Amino acid sequence: MANLAIAFSLDPLLKLEKAVLHQRSGKLLIDVEGELNITIDHSCFFREPALAILELGVHLKEWRVEDSDAIANFYHFTMEHDEKEGPILAFIRESENKWHLFSIWQEFKHEETITTDILLKAVDRYLTELEETLIKRFNIRYSDFIKF
């Protein structure tokens with residue numbers, strides 16, 4: 001069974017304009033950038049030093065709320081990238097309890113599957129850490145940007 005970790009780090013020098021913080025606009029979704037690392041069994045599957053991590057957090061939370069049982073695939077496209085090339089990140093359901101990870105920027109093809117439990121725990125851990133960091137650094141929540 002594979003281990004999965006989705007980790008991020010914000011630039012400690014990242015400053016956001018007060019006006020943009022109060023507007024909760026789409027600009028803020030892409031302004032909150034950081035390094036994203038996804039590891040599978042301690043091997044780096046994905047690393048991007050400047051990804052819009054708030055935008056990813058919003059998309060992940062929408063997926064978790066709209067599909068709490070994780071039946072549908074997850075595809076993350078960003079406003080900053082042409083989606084014709086493919087998703088920045090995808091969780092593709094193979095069967096009831098088996099998922100594949102994919103990214104157009106992946107460092108290797110992971111042949112084994114990830115269980116639903118491991119995938120959801122990694123996503124939920126990312127979301128919890130992101131929310132805590134956003135509140136502490138900027139007094140915002142990713143939930144402020146979610147549209148249902």
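Visitor: Is Thr78 buried or exposed?

Guide: In this predicted model, local features need pLDDT of at least 70, side-chain atom pairs count only at pLDDT 80 or more, and totals for chains, interfaces and linings use all residues. Residues are numbered from 1 along each chain as its sequence is written, and side-chain values use heavy atoms, with hydrogens and water left out. Buried means under 20% relative accessible area, exposed over 50%, and partly exposed in between (1.4 Å probe, protein chains only). The relative accessible area of Thr78 is 12%, so Thr78 is buried.

Visitor: Which residue has a side chain joined to that of Thr78 by a polar contact?

Guide: Thr78 sits in the loop between strand 4 (74-76) and strand 5 (89-95). Leaving aside residues up to four places away in sequence, Thr78 touches Glu55 and Ile88, where contact means heavy atoms within 4.5 Å. A polar contact is a pair of N or O atoms within 3.5 Å; within protein, one must be able to donate a hydrogen and the other to accept it, and residues adjacent in sequence count only if both atoms are side-chain atoms. At 2.4 Å, the side-chain partner of Thr78 is Glu55.

Visitor: Where does Asp41 lie?

Guide: Asp41 has a positive phi of about 50 degrees although it is not a glycine. Its relative accessible area is 32%, so Asp41 is partly exposed. Its place is the loop between strand 2 (33-40) and strand 3 (43-52).

Visitor: What is the relative accessible area of His42?

Guide: His42 is also found in the loop between strand 2 and strand 3. Its phi is positive, near 70 degrees, in a residue other than glycine. His42 is exposed, and its relative accessible area is 78%.

Visitor: In what order do the elements of the chain run?

Guide: Helices (H or I, at least four residues) and strands (E, at least two) are DSSP runs, numbered from the N terminus. The chain has four helices and six strands. From the N terminus on, the order is β-α-α-β-β-α-β-β-β-α.

Visitor: What is the radius of gyration of the chain?

Guide: This radius is taken over C-alpha atoms, and the globule rule is 2.2 Å times the number of residues to the power 0.38. For 148 residues the rule gives 15 Å, and the chain comes close to that, so it is as compact as a globular protein of that length; its radius of gyration is 15 Å.

Visitor: How many of the 148 residues, as a percentage, count as buried?

Guide: The C-alpha trace spans about 45 × 30 × 30 Å along its principal axes. Of the 148 residues, the buried share is 43%.
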